[in-house]
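My notes are below, in the order I looked things up.

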Amino acid sequence: MNADDALLAEAASWRERMESPGDATRAAFEAWRCMSAEHDAAYARVSAARDAAQAMADQPGLFSLRQQTLARAALAPKPLLTKRKVVATAVLLLAGAPLAALGIHAWSPRMVQPSGETFRTGIGQQADVTLPDGSTVTLDTASRLEVRYDGDMRRVLLDGQGWFRLKPSEKPFLVSAGGHSFTADRGSFDIRTDPGQVRAFAMDGSLSLAGGDSSVALTSGKLLAARGNDVTIQKLDDPASFTGWRSGLLQFDDVPVAQAASELNRYRRRPIRIADSRVASLHVSGAFRTTETPAFVDALTSGFPVRVKQDSSEGVVIASR
């Protein structure tokens, strides 16, 4: 990767992080952008390309191309790319999107948007899905999305985690996830399923959890957690603690090591294993990239009395010293 590509990749990474920034992220971004005129120009270029591509999301040709590409990617396992390489590729795709859409429209004007499809991501993969109405969903690692649109309802079934950006419509949008049903008509939100639990965060707009004859409304900046019939809602001071995965970051604030390792393992084929309860109960804080396990392991070994063993069959094993 040459210097120009590296700068574009860095700018694209900032563009993703600024989708839901906290105060610290905003300050860091302004410091980076003011560092040089090249940084500011690269960010403007990436933003313009992304805005142009999003503006064409309704084009039937572009919609079909994205779905076909996603299906091929899901069916053909590939080595995992680093986040920087993925971002650089995204910059190139976004920049060429208007031309691609024009070409497809010219030779295939009768394409029809599908209304019932299933999309999947493998371990460590993320993918964007454009829905028939132009709404978009970004799927996280090991996730599955069923699209079931009909004349009266926009409906999807989610297993895993997805970031939704809805286009306003008179037709309600229904998300079935983890045995619960959410409804919305606009806004951006993040929904995640885990065994026995579903969580949802509303970035903007409103999201409602249906339950029997009543519903629970989730407003902007709030995180909902549902376990069976038990529902809790709390305000998130830093949304990136839940949504940071979209920029490849996991943020931990004084959480048990076992919980942090479990989060990282969602992105790994060879898991981090905690050998004993003493290590599992230690608490760790920090931000770690989903693709950079060594940074997490180094933080543990430098801050706690633990030892690390690399095992060819079990992956990384962390035990007390």
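**Salt bridges**

I started with aspartate 194 and arginine 199, whose side chains meet in a salt bridge at 3.2 Å, N to O. For the record, a salt bridge needs a side-chain nitrogen of Lys or Arg within 4 Å of a carboxyl oxygen of Asp or Glu. Salt bridges with shared partners join Asp140, Arg192, Asp194, Arg199, Glu263 and Arg266 into one network. Before going on, I noted that this is a predicted model, where local features need pLDDT of at least 70 and side-chain atom pairs pLDDT 80 or more, while totals for chains, interfaces and linings use all residues. I also noted that residues are numbered from 1 along each chain as its sequence is written, and that side-chain values use heavy atoms, with hydrogens and water left out.

Is aspartate 194 buried or partly exposed? I get partly exposed, at 22% relative accessibility; buried means under 20% relative accessible area, exposed over 50%, and partly exposed in between (1.4 Å probe, protein chains only).

The structure holds eleven salt bridges. Next I looked up aspartate 140 with arginine 266, where the closest N and O atoms are 3.6 Å apart. Aspartate 140 sits in the loop between β3 and β4 (144-148) and arginine 266 in the loop between α7 and β16, so this pair ties together parts that are 126 residues apart in sequence. Helices (H or I, at least four residues) and strands (E, at least two) are DSSP runs, numbered from the N terminus. Aspartate 140 is buried, with 0% relative accessible area, and arginine 266 counts as buried at 18%.

Glutamate 146 bridges to arginine 144, with N and O atoms 2.5 Å apart at the closest. Here glutamate 146 is buried at 12% relative accessibility, whereas arginine 144 is partly exposed at 29%.

**Helix α7**

I then listed the buried residues of α7 (residues 257-265): Val257, Ala260, Ala261, Glu263, Leu264 and Asn265. They pack against several elements, including β9 (187-194), β15 (249-256) and α9 (293-303).

**Aromatic rings**

I found eight aromatic pairs. Rings of Phe, Tyr and Trp (its six-membered ring) pair if their centres lie within 6.5 Å; planes under 30 degrees apart count as stacked, over 60 as edge-to-face and the rest as tilted. Phenylalanine 164 and phenylalanine 173 have ring centres 6.0 Å apart and planes at 70°, so I logged the pair as edge-to-face.

**Histidine 180**

Where is histidine 180? I found it in strand β8 (residues 180-184), and it is buried, at 14% relative accessible area. Leaving aside neighbours within four places in sequence, histidine 180 is in contact (heavy atoms within 4.5 Å) with Val175, Val198, Leu209, Ala226 and Gly228.

**Whole chain**

I finished with the totals: nine helices and 19 strands, and buried residues making up 43% of the 321 residues.
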